[in-house]
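Please read them alongside the sequence and the coordinates.

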Amino acid sequence: MRTQVGIIGAGPAGLLLSHLLHLRGISSVVLEKRSRDYVERRVRAGVLEQGTVDTLVEAGVGERLRREGLPHHGIELRYGGAGHRIAFEKLVPGRSITVYGQQEVVKDLIAARLAAGGDVRFEVEDVAVHGLEAEPYLTFGGERLDCDVIAGCDGFHGVSRPSVPEGVLSVFERDYPFAWLGILARVAPSSEELIYTRTERGFALHSMRSPTVSRFYLQVPADATVEEWPDERIWAELKARLESVPGFTLATGEIMEKGVTPMRAFVVEPMQYGRLYLAGDAAHIVPPTGAKGLNLAVADVRVLTDALAAYFENGSTALLDGYSEACLKRVWRAQHFSWWMTTLLHTFEDDDPYGRRLQLSYLDYVTSSEAAATTLAENYVGMP
Ligand SMILES: Cc1cc2nc3c(=O)[nH]c(=O)nc-3n(C[C@H](O)[C@H](O)[C@H](O)COP(=O)(O)OP(=O)(O)OC[C@H]3O[C@@H](n4cnc5c(N)ncnc54)[C@H](O)[C@@H]3O)c2cc1C
């Protein structure tokens with residue numbers, strides 16, 4: 001079996017890459033180890049930058065996103081007993097975010113690929129990467145897929161990054177001393193916009209997925225388990241943190257999903273080796289505070305599509321050679337923004353009173369200075 005681009009992973013990066021390549025007349029095969037049902041139900045990100053929405057709409061997969069996505073023109077920072085709105089419409093006119101679940105993006109992309117006769121294989125076992133220096137191919141479940149290029153879109157725990165010979169990649173990473181407990185609840189959002197809350201008990205985020213489904217996150221110890229957090233405890237803690245301003249009442253409901261996500265930052269450089277190009281979480285992850293992971297995955301495959309189109313259309317390797325450098329600029333901006341938001345809003349066990357005062361002083365600055373608020377806003381909606 002032969003294709004031009006062998007893609008490992010049917011997350012947002014792999015599926016969007018396959019779709020964008022198809023629009024440029026380039027063939028691909030997507031190999032995914034999980035079932036279609038599993039990837040379509042996996043609850044993760046939900047904040048789409050303006051550039052991500054534009055990419056999906058321009059690629060013809062934004063019809064449901066436009067209909068069901070919730071455009072947001074601001075977020076609230078809540079701390080010290082008061083809420084402060086960061087107003088995108090004033091600070092970064094014409095730019096906003098859209099709340100639309102990652103699993104909905106994945107569903108739309110799978111539907112588009114299959115409608116176009118795309119080759120997306122689910123529940124594929126034992127994918128392995130070979131011949132990266134000259135003649136790349138993939139093996140899986142007793143089969144062989146020859147290709148010109150391999151795209152490693154298989155997330156943080158995939159096989160593509162570990163296939164690069166030792167010593168080639170430099171790793172930059174940071175583990176945070178806490179995790180996020182995330183829940184999805186069948187209850188109307190208690191606020192129209194996202195609320196990022198800092199309290200002495202820790203961080204909490206009020207988010208949403210639709211007019212009837214809310215998403216919440218709680219800062220919890222790094223070794224926390226779902227078993228330690230029965231529903232009543234979660235609601236009590238969310239109330240203790242979010243009802244920290246007068247007059248705000250948190251509506252509660254049935255918890256449909258819960259999970260603990262480690263808070264980690266990770267980047268490899270370069271994002272390519274021989275005929276292998278890494279995209280999305282396979283190359284970098286950010287703590288979710290800045291809502292950047294999914295958006296970075298989309299940005300990577302946009303760059304990779306243009307580079308592959310130049311290569312297949314006229315043999316030019318200039319863009320492919322510069323792929324990693326082009327992506328890493330955006331990756332590091334997002335790394336810094338995610339670190340900054342995380343540091344600003346979480347409580348750190350080893351923080352002394354001096355450190356806490358600095359944190360509050362910075363929050364006061366961000367919520368009172370237009371220049372500081374613009375920095376937050378332009379990074380949040382996504383740099384052009
Ligand atoms: C709880 C949580 C909340 C988040 N919130 C946000 C947010 O608000 N905003 C945001 O932008 N980002 C957020 N993120 C990050 C975002 O979800 C990821 O950055 C995004 O999923 C990256 O997409 P990807 O396609 O690169 O990787 P993935 O979505 O991880 O997809 C990789 C795919 O590869 C498959 N795979 C793995 N190994 C193999 C193998 N050996 N063979 C074949 N297939 C394989 C996997 O099953 C998976 O389907 C969040 C993440 C989590 C966990």
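1. The C-alpha centres of domain 1 and domain 2 are 28 Å apart. Domain 1 comprises 5-72 + 96-173 + 264-340, and domain 2 comprises 176-263 + 349-381; such bounds come from an automatic or database domain assignment. To their contact (heavy atoms within 4.5 Å), domain 1 contributes 24 residues and domain 2 contributes 22 residues.

2. This is a predicted model, in which local features need pLDDT of at least 70 and side-chain atom pairs count only at pLDDT 80 or more, while totals for chains, interfaces and linings use all residues. Residues are numbered from 1 along each chain as its sequence is written, and side-chain values use heavy atoms, with hydrogens and water left out.

3. The size of an interface is often given as the accessible area lost when the parts come together. Between domain 1 and domain 2 the buried area is about 2,000 Å², with carbon and sulfur atoms giving 65% of it; buried area here is the accessible area (1.4 Å probe) that two parts lose on being put together, summed over both. On the domain 1 side, Val43, Arg264 and Trp340 lose the most area to domain 2, together 26% of what that side buries.

4. Helices (H or I, at least four residues) and strands (E, at least two) are DSSP runs, numbered from the N terminus.

5. Oxygen atoms of the ligand lie 2.6 Å from a polar side-chain atom of Glu32, 3.0 Å from a side-chain N or O atom of Arg44, and 2.8 Å from a polar backbone atom of Leu294. The protein buries 90% of the 1,000 Å² that the ligand exposes when taken alone, by the Shrake-Rupley method with a 1.4 Å probe.

6. The peptide bond from Glu269 to Pro270 is cis, with omega near -10 degrees; Pro270 is in the loop between strand 17 (254-269) and strand 18 (272-273).

Notes. Polar contact = N/O pair within 3.5 Å; in protein donor to acceptor, adjacent residues only side chain to side chain.
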